[in-house]
Amino acid sequence: MDKIENNKAWFLVLPVFVIVAISAIIPLMTVVNYAFQDIFSPQDRYWVGTEWFESVLADDDLHGALIRQFVFSFVILLVEIPLGIALALAMPARGWRASLALVLMALPLLIPWNVVGTIWQVFARADIGLGGWLVNALGIPYNYTNDPVAAWLTIVVMDVWHWTPLVVLLCYAGLRAIPDAYYQAAAIDGASAWKVFRYIELPKMRGVLLIAVLLRFMDSFMIYTEPFVVTGGGPGNATTFLSIHLTKIAIGQMDLGPAAAISIIYFLIILTLSFVFYNVMTRMGTGERA
Amino acid sequence: MKGRSVALIIYFVFLLLPIYWLVNMSLKTNQEILSGLTLFPREPTLANFQTILTDPSWYMGYVNSLIYVVMNTVISLSVALPAAYAFSRFRFIGDKHVFFWLLTNRMAPPAVFLLPFFQLYQALGLFDTHIAVALAHCLFNVPLAVWILEGFMSGVPKEIDETAYIDGYSFPRFFVRIFLPLIKAGIGVTAFFCFMFSWVELLLARTLTATNAKPIASTMTRTVSAAGMDWGLLAAAGVLTIVPGALVIWFVRNYMAKGFALGRV
């Protein structure tokens, strides 16, 4: 769509700009302050340059947390995006069934994150949880409190349970926005279900999919509350993801300098990757339109 | 078509089992929960719910949460609607950069923002008020609202705007009377997401409040005591946290299901 050049549009954006600037720029400046200085009190502070960054980057614990974080986000995107698209396509289009399916689908999203953690902490337990009990009843030894693999699986399944509905709802809204005429035209042309999906539904879902991938990437990359409640980062360090590592240092040890340095690195990683995703996906979309 | 429905039903079983377990636990006594696995409560009891609904220190948590969540949804929508329109219709200096910058605000790990937020709201005298939490949640909800709304607005043909202006509509009148009804679905979905993200957020809400505006998610941590977890009470509180959200999605479902009225305009 051709857009009109009009700088007065800034007035429409201004309220958003002000609100987000207040709640984002001021905190960010504080973080930068902590990252480059050793602060004992507002009057008593020393410039340390990149010292915090150097010590933090040489830390094996950070490397481990970083690798686990990347593997986790990768697995999550790999499972949730295709599953979300498939489920959105399987959802009934109209009638009471559609309403019911939507309401059910949205349920996990409305549960506070600590409660999600609690639900799975109990549900996956072998003694008082239905899930853990079922898996063990099938003859598979399973105990997420002392087996790293089981802990990982629990966290991944919990995240799939918790967040796939977000992908489904976004894709569903995108699908419903496709005018019936498109499907009628496809039917007249005798297009197969796959062709309808590939050339009508997928391109039309481009916008919502972009949002879904970005949201899922960023939120899975910052995951904190749920694994913290379920495993506390254990067994050992098996499920210590980046934000759990960060919180340990910031709140647990009150090392604000290194913590701020880690957050800046953290922030830059997400920024870079989101930028790449954003560009790749917008380009893919324009290719399809042509 | 058959296979699709079966897959969907299997997924819903997977989705509902953990929730069923929560409801199941909320109707049990603590002794029953810890004494072994029972698929149904042997002696169903509403005692857990009764504790929550009669004790102000419990139910005020829900009221507080609802107040700041509604505030946040209203603020987010009212600032995001004009901005999203600007992004979807006009080119202006720095538009792409601002758009992406907005999104970067969703990326900051909350853990490190706790201290700065705390200092900021303390200095403004807003600590432990509902508006403080509502404003803090704007950090991630406003960018999200702009993004989702922009997507929906871009789907509305620009000829509609032009026709309206030719017919003599002023911008505010056009925006409220013609444009907003066209993107009802988008507004519904956006309001739902704002509500949702604000409702489930715990870290910021807990840090910015002490007693007057204490959210339910934070009240729930009380169930951990020296005597161990009060699983039944925790489960009951958890069940109640699902209710307001389920009501909201029930109202939104029609907007989502109807989709765009594009073909009929």
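This is a predicted model: local features need pLDDT of at least 70, side-chain atom pairs count only at pLDDT 80 or more; totals for chains, interfaces and linings use all residues.
Student: Let's start with chain A. How many helices and strands are there in it?
Tutor: Chain A has 13 helices and three strands. Its C-alpha trace spans about 75 × 65 × 30 Å along the principal axes.

Student: And what percentage of chain A is buried?
Tutor: Of the 290 residues in chain A, 42% are buried. As for contacts in chain A with a separation of 6 or more, 70% are made by residues 24 or more positions apart.

Student: How is chain A divided into domains?
Tutor: Domain 1 covers 1–49 and domain 2 covers 59–289. The centres of these two domains of chain A, taken over C-alpha atoms, are separated by 29 Å.

Student: Now chain B. How is that one divided?
Tutor: Chain B has domain 1 at 1–45 and domain 2 at 56–264. Their centres, over C-alpha atoms, are 30 Å apart.

Student: Which residues and elements make up the contact there?
Tutor: Eight residues of domain 1 of chain B are in contact with seven residues of domain 2 of chain B. On the domain 1 side, the elements that give two or more residues are α1 and α2 (30–35) of chain B. The most come from α1(B), with four residues. By class, the domain 1 side in chain B has four nonpolar, three polar and one charged residues.

Student: What about the largest nonpolar core? Which residues have the most contacts inside it?
Tutor: That core has 157 residues, and those with the most contacts inside it are Cys171(A), Ala212(A), Ala80(B), Ala83(B) and Val146(B). Helix α7 (residues 130–154) of chain B gives the most to the core, with 16 residues.

Student: Take Ala80(B). What is it in contact with, leaving aside neighbours within four places in sequence?
Tutor: Ala80(B) is then in contact with Val16(A), Val142(B), Ala145(B), Val146(B) and Leu149(B).

Student: Next, Trp120(A). Where is it, and is it buried or exposed?
Tutor: Trp120(A) is in helix α5 (residues 113–123) of chain A. Trp120(A) counts as buried because 28 other C-beta atoms lie within 10 Å, and the cut-off for buried is 20 or more.

Student: And what does Trp120(A) touch, again leaving aside neighbours within four places in sequence?
Tutor: Trp120(A) is in contact with Thr154(A), Met158(A), Val230(A) and Pro18(B). Trp120(A) and Thr154(A) are 34 residues apart along the chain, and their C-alpha atoms are separated by 8.0 Å.

Student: Back to helices. What should α3 of chain A span, given how many residues are in it?
Tutor: Helix α3 (residues 60–90) of chain A has 31 residues, so at 1.5 Å a residue it should span 45 Å. The end C-alpha atoms are 45 Å apart, which agrees.

Student: Which residues of α3(A) are buried?
Tutor: Among them are Leu62(A), Ala65(A), Phe72(A), Ile76(A) and Ile85(A). The buried residues of α3(A) also include Arg68(A), Gln69(A) and Glu80(A).

Student: Last one: what is the phi of Asp128(B)?
Tutor: Asp128(B) has a positive phi of about 65°, although it is not a glycine. Asp128(B) is in the loop between α6 (110–124) and α7 of chain B.

Student: Why is Asp128(B) called partly exposed?
Tutor: Asp128(B) is partly exposed because 15 other C-beta atoms lie within 10 Å, and that class falls between 12 or fewer for exposed and 20 or more for buried.

Notes:
Residues are numbered from 1 along each chain as its sequence is written. Chains are lettered from A and ligands numbered from 1 in the order in which they are written. A nonpolar core is a set of buried Ala, Val, Leu, Ile, Met, Phe, Trp, Tyr and Cys residues joined through C-beta atoms within 7 Å. Two residues are in contact if their C-beta atoms, placed from the backbone, lie within 7 Å. Domain bounds come from an automatic or database domain assignment. Ala, Val, Leu, Ile, Met, Phe, Trp, Tyr, Cys and Pro count as nonpolar, Asp, Glu, Lys and Arg as charged, and the others, Gly among them, as polar. The expected span of a helix is 1.5 Å times one less than its number of residues.
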